[in-house]
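Thanks for coming, everyone. I'll walk through one structure today and keep it brisk. Please have a look at it first.

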Amino acid sequence: MDDLLNDFLAETAEILAEAGGAIVAWEADPGDRERLDAIFRFVHTIKGSSGFLSLPRVTALSHAAEDALDQVRRGNRPANAALVTAILGIVDRLSLLCDALGNGGVEPAGDDADVIDALAFVSEEPAAPEPAEIRLRREDDLAAELQAWRSIRVPLPLLDSMMTGVTDIVLARNEFARMLREAGADPSTIAAFDRLSDSIAAMRQSVSQMRMQRIDKLFAPLPRIVRDLAQDLGKKIAFSTSGGEVELDREMMENIRDPLIHIVRNAVDHGIEPLDQRVAAGKGVTANLSVSARQSGNQIEIVVRDDGRGLSPDALVAKAVAAQVVTATEARGLTPRERLELIFRPGFSTAAKVTSISGRGVGMDIVKSNIEKIGGVVELRNEEGRGLTIILRVPMTLTIISGLMVRAAGQYFAIPRGAVREILLESSDSARVDRVGGGELVTVRGEQFPLLRLETILGRAVDADDDTDDRAVVIVRPGQGQSYALSVAAIHDHEELVIKPAAPLIMTTGLYAGTTLPDSGRPVLLLDVQGLLAAAGVDASEAGRNREEAAETEASARGATQLLLFRDASERVRGVRLSVIERVEEVPALALFESAGAIQAQIGDAIFPVHAAALPEGHGTVKLLRLHDGRSVLCYPIEAVIDIVRMPDAMQPAAAPGLIAGVALIGGDPVELIDPFWLMEQYETTRAAGAGPRRPLCRLADDADGWGENFLAPILRDAGYRVASDKESGDEAPDVLLCLSDDGDACANLGGDAPVIRLRASVAAAGADDDTIYRYDRQALLDALRRRVGGERR
Amino acid sequence: MMEKLYLVARIADTRVALRSRTIHSVVTVGQPVEVPAAPPHVAGLFALRSRVFTLIDPHVVVGLPPVAVAQGQRVIVVDVADHGYALIADEIEDVCFIETPETRIAGRLSPGWARVADAMIEHRGASLLVVDPAQFVTLPVASAA
């Protein structure tokens, strides 16, 4: 009974993990019939096994979920977010129950009506009429079930001991073969031995495959984690995985699971900005987060990429100094790369505050050490403001790879066959070796590769016994877009190799990816084809690659016009072209004030007009869209940003010009589109006359007693001029110079080309040709300014 | 009882005692394979059944010139952090119970030995250093460079 229960728990845990991911994927695409069927089978399987074990709560829960899903399958019920949430609720409850079962051995008493009712509640939506055709689900379901669950569970240590056993058998076989050859056995003995030998090889193959698993399994729980976290944080995230078919050793998978989940959580929590910040940065509201796997030579590469804010090296340094991870002096000496890698220091956590999501005592230092423990590396590719990519490279150790055995410096090395593009002889006609400026390169059919000599990289002398004239060249492609030529003394053969991690002190040389025991029984080092490149310090990127990439980004930047959807203060959904939005501000309601019949907002040191009929009520905060036409800014109050969508092609134009340019259908709903032209026009004309987009600059010269600054400047500013005093004379040439002293020569050389207005202190003019203006004659002064500055502009 | 079981051996030209629980086994080396560009105290790799072990030359760890490894040499196999290592032994003497307690190291040791030795113990009228095999595996950065 206990065994049965354990099997059930192990199986159910696995199913639940997979189901979570599948359900979230299905939510994104409710039309995906295959996915729905798979989820249905998951719950159906749990229901079946639990009934057998008499676990009433589990049975009831899975039955409810199965029922609801069946309704969807029959088309009686739509698949919507509410249903998905309810089903996820059931999945969670099942997980809880299984945990309790695992701990206590008995199903705990309790009531699941809450989650089951949640499912029933949503089913009260108007159901579609029963379709005429009723699908019978039995046959196809059963067939699929048999396929999916005809497997048994084996403890890992048992697999390990089997693996060791088989490898020992292989080694013993080789020794036996040598002895047979030396003893000159008769042909029938050798034939029998060969048969044995073949079956041993086949067995070794199957045993190693037993340990392999698709990396899909590792990705399965991620969609659920991202969905829940994004919902909690109010973020929109498009999550995708790729490369699920890559196979990885089960044990490796166990070691990567937690670090990967941690990285994904971090990306959602810290990497991806809140909606407003994304809009402000000109990004789509929906963030992209992707996890992909691929096999690159002898390594598996798992890439977690987000298009969030990336890491700020300066902020990291400040943080590290504050957390006393480094001293300020040390920090100054750090290279940009080292600054980024501060996040791997123990005691460092990037979140400004510890959140409930990622601040759980696990830091990137743990991630890094876990990955390194299995001989892997963690790499960061940071684009500040545009996203962060974290790359986990783990060796395919404990996995079987096809290896090419090469000889150099009198010993054998293995190169993963997957990374080998071509093998040729240095002396062959198709290859030409050139020495260029101390380096070597080989040209193969017009293509050039940097040439590395294995002995040189390893710091060994070329073995005297090797033929120096007829060396072999292996064209190696360690990763996408990289290739180089590796010169070795000789090529030996191909062999299927079981790779195991080498001791850390060997791995840290960066030259080796592991060790292997070929049939000879003598250990062979597996070369790290990427590491060799790093050790040689050669740039092996294939030419032309960067140009193509640049063209791609340009193309995507040219993409369709985007529309920002938002809800305005009166709860209407409206849209405006994203390109006219400078940013989204969130200001306290008190920053808005009424002045001369218009609502204005104070943001920082500046005051901007606000398109609103009345001041907002309450003391909370107000979100403002900052529209920018290149010269001036207008704020448009909104309730919330909803999304960024592609501008629809068709729009029903409004009858008369006004705030609303027209109506377009977005996602099936009519949305009013704001006309930024009209909007800007309104405020452009109501702005103080003469104080156009660029306000003229008045410079006060010779303002010895401060009269200009204290008495004159406010008047000028009110009239729409900018005022600069003598002291703060910037680089900008003034439009007009106001000379405040009676001394006629004082300002002679100051104005440059600018017109000069002289002010006098006495009421009476000095004479008929006196063009100075009495300094308290406001009207005359403004007229003079307008003539000299404003007049010329009109 | 197990705490008092020691392996007495001569490594790096010095008689030492190793606590038996720190040791996996004592085996005879097959033909070792060199590891180019590895730290100096890595004497090579060798296979034992289907496992690959890293050979450590204690001579280098304590500051002596390296010795050549020959096939058939006896080595002390230890597991450190899930990896198998083998310390080259000049001579394996005995596995025995030593009833006298371990004592603090008296006198000054050379820096190499000071790092690997934990304590001293009296055995048959001689003082032996009690060494931790794990310390042989990790070489301080300064001497590795």
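Which residue of S7(A) stands opposite A:Ile300? A:Val394 does.

Some ground rules before I go on. This is a predicted model: local features need pLDDT of at least 70, side-chain atom pairs count only at pLDDT 80 or more, and totals for chains, interfaces and linings use all residues. Residues are numbered from 1 along each chain as its sequence is written, and chains are lettered from A and ligands numbered from 1 in the order in which they are written.

Back to the strands. Helices (H or I, at least four residues) and strands (E, at least two) are DSSP runs, numbered from the N terminus. Two strands pair if DSSP finds at least two bridges between them. S5 of chain A covers residues 299–306. Its partner S7(A), residues 387–395, runs antiparallel to S5(A), and eight bridges join them. S4(A), residues 286–296, also pairs with S5(A) in the antiparallel sense, over eight bridges. There, A:Ser296 stands opposite A:Gln299. S5(A) is mostly covered, with six of its eight residues buried. Buried here means 20 or more other C-beta atoms within 10 Å of the residue's own, with C-beta atoms placed from the backbone.

Chain A has 23 helices and 34 strands. Of its 794 residues, 33% are buried. Chain B has four helices and 10 strands. It has 145 residues, and 37% of them count as buried. From the N terminus, chain B reads β-β-β-β-β-α-β-β-β-α-β-β-α-α.

Next, a helix pair. H7(A), residues 156–183, packs against H8(A), residues 187–210. The angle is about 155°, and the axes are 10 Å apart. Axes are lines fitted to C-alpha atoms, for helices over the stretch in contact, and angles run from 0 to 180 degrees between N-to-C directions. That makes H7(A) roughly antiparallel to H8(A), a label for angles over 145 degrees. The contact includes A:Leu159, A:Met162 and A:Val166 of H7(A), and A:Ile190, A:Phe193 and A:Ile200 of H8(A). Contact means C-beta atoms, placed from the backbone, within 7 Å. By class, this contact has 14 nonpolar, three polar and two charged residues. Ala, Val, Leu, Ile, Met, Phe, Trp, Tyr, Cys and Pro count as nonpolar, Asp, Glu, Lys and Arg as charged, and the others, Gly among them, as polar.

On to the contact between the chains. How many residues does each chain give? Chain A gives 22 and chain B gives 19. On the side of chain A that touches chain B, two elements give two or more residues: H7 and H18 (504–507).

Last, a sheet. Five strands of chain A form an open sheet, in the order S31-S30-S32-S33-S34, with parallel pairing. Its edge strands are S31 (722–724) and S34 (773–774), each pairing on one side only. Two bridges join S33(A), residues 756–760, to S34(A). A:Leu759 stands opposite A:Ile773 in that pair. H22(A), residues 707–718, packs on the sheet and touches S30 (697–701) and S31. The direction of H22(A) makes about 165° with that of S30(A).

That's it from me.

How values were computed:
Parallel < 35°, antiparallel > 145°, perpendicular 65-115°, else oblique. Contact = placed C-beta atoms within 7 Å. Buried ≥ 20, exposed ≤ 12 C-beta atoms within 10 Å, placed from the backbone.
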